[in-house]
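Walk me through this fold, from the overall layout down to single side chains.

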Amino acid sequence: MNALDAIFPLRAGRTHDVSGPGARFFAAALMGACGGDCLWVRAEFLPGMINPVALSAFADPKKLLLARTKDQTETLAAAEEGLRSGALALVVLELDRPLELTPGRRLQLAAEAGHATGLCLFPEAMGNPAAETRWLCRPLFSPTDSTLQLWSIIKNKTGTNKSWTVRFDEETHRIHMVSETAERAGPQKTSDRRSLRGHAS
């Protein structure tokens, strides 16, 4: 069992989707949990920028490689090559259109071959049909905690859909997660109280 399996059901060697206002926060936390080198791929026409220094609360920015592409086709090609290389722990790719099944399966096969984790950031209501899990991440209002979020699995090929209330501790660089009720009830409902270290070891 790796560090990801021990905290929440997001297995290495697979591709996963995430959307919502908290998607980049989710990706940064995953980067810290993976601990190794990360490739972040996005098309140059997408709004905003990735600031590696801003990710230092979660992971070592020296382990982040940024790639800018001309379009989604080039983004997918770069991500597939990175996943398959065996040199990376995580590949994050930002996409502005949903994937068809064939390119989605290619990403999945590349992740399995390279034993890397793939994470696709999509606008809401879009996704990769071959992804093992799909997450929706939204901020939660709190007068005392600006880091509070709700992370929900809305698609899970290997288990139940669940939601977690998530908060980030800036002093310990940890993500704290409290499991909510499962959407598809199993033999027993459980409440998990665990933490995910956001700073790379």
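This is a predicted model: local features need pLDDT of at least 70, side-chain atom pairs count only at pLDDT 80 or more; totals for chains, interfaces and linings use all residues.

Are H3 and H4 roughly parallel or roughly perpendicular to each other? The axes of H3 (residues 72–85) and H4 (residues 101–114) come within 7 Å and cross at roughly 25°. Angles under 35 degrees count as roughly parallel. H3 and H4 are therefore roughly parallel to each other. On the H3 side, the contact is made by Leu76, Ala79, Glu80, Leu83 and Arg84. H4 contributes Pro103, Arg106, Leu107, Leu109, Ala110, Ala111, Ala113 and Gly114. Sorted by class, this contact has nine nonpolar, one polar and three charged residues.

Now step back to the whole chain. It has four helices and ten strands. Along the sequence, the pattern reads α-β-α-β-β-α-β-α-β-β-β-β-β-β. The chain has 201 residues, and 49% of them are buried. Consider the contacts between residues at least 6 apart in sequence: 65% of them join residues at least 24 apart.

S6 spans residues 133–139 and is mostly covered, with five of its seven residues buried. S6 pairs with S1 (residues 15–19) in the parallel sense, over four bridges. Within that pairing, histidine 16 stands opposite threonine 133 of S6. S6 also pairs with S7 (residues 149–156). Here the two strands run antiparallel and seven bridges join them. Cysteine 137 has tryptophan 151 of S7 as its bridge partner.

Stay with S7 and look at glutamine 149, which lies in this strand. Is glutamine 149 buried or exposed? Its relative accessibility is 8%, so glutamine 149 counts as buried; the cut-off for buried is under 20%. The side chain of glutamine 149 makes a polar contact of 3.2 Å with the side chain of tryptophan 151. Set aside the neighbours within four places in sequence. Glutamine 149 is then in contact with Gly22, Phe25, Cys137, Arg138, Pro139, Leu140, Trp164, Thr165 and Val166.

Next comes strand S8 (residues 163–169), where serine 163 lies. Serine 163 counts as buried because its relative accessibility is 12%. A polar contact of 2.8 Å joins its side chain to that of serine 152. Serine 163 also lies 9.2 Å from leucine 136, C-alpha to C-alpha. In sequence, serine 163 and leucine 136 are 27 residues apart.

Finally, the loops. Most residues other than glycine have a negative phi. Which residues depart from this? Histidine 115 has a phi near 55°, a positive value in a residue other than glycine. Histidine 115 sits in the loop between H4 and strand S5 (117–121). With a relative accessible area of 66%, histidine 115 is exposed. Alanine 125 also has a positive phi, about 75°, although it is not a glycine. Alanine 125 is placed in the loop between S5 and S6. Its relative accessibility is 86%, so alanine 125 counts as exposed. Exposed here means over 50%.

Notes
Residues are numbered from 1 along each chain as its sequence is written. Side-chain values use heavy atoms; hydrogens and water are left out. Buried means under 20% relative accessible area, exposed over 50%, partly exposed in between (1.4 Å probe, protein chains only). Two strands pair if DSSP finds at least two bridges between them. A polar contact is a pair of N or O atoms within 3.5 Å; within protein, one must be able to donate a hydrogen and the other to accept it, and residues adjacent in sequence count only if both atoms are side-chain atoms. Axes are lines fitted to C-alpha atoms, for helices over the stretch in contact, and angles run from 0 to 180 degrees between N-to-C directions. Angles under 35 degrees count as roughly parallel, over 145 as roughly antiparallel, 65 to 115 as roughly perpendicular and the rest as oblique. Contact means heavy atoms within 4.5 Å. Ala, Val, Leu, Ile, Met, Phe, Trp, Tyr, Cys and Pro count as nonpolar, Asp, Glu, Lys and Arg as charged, and the others, Gly among them, as polar.
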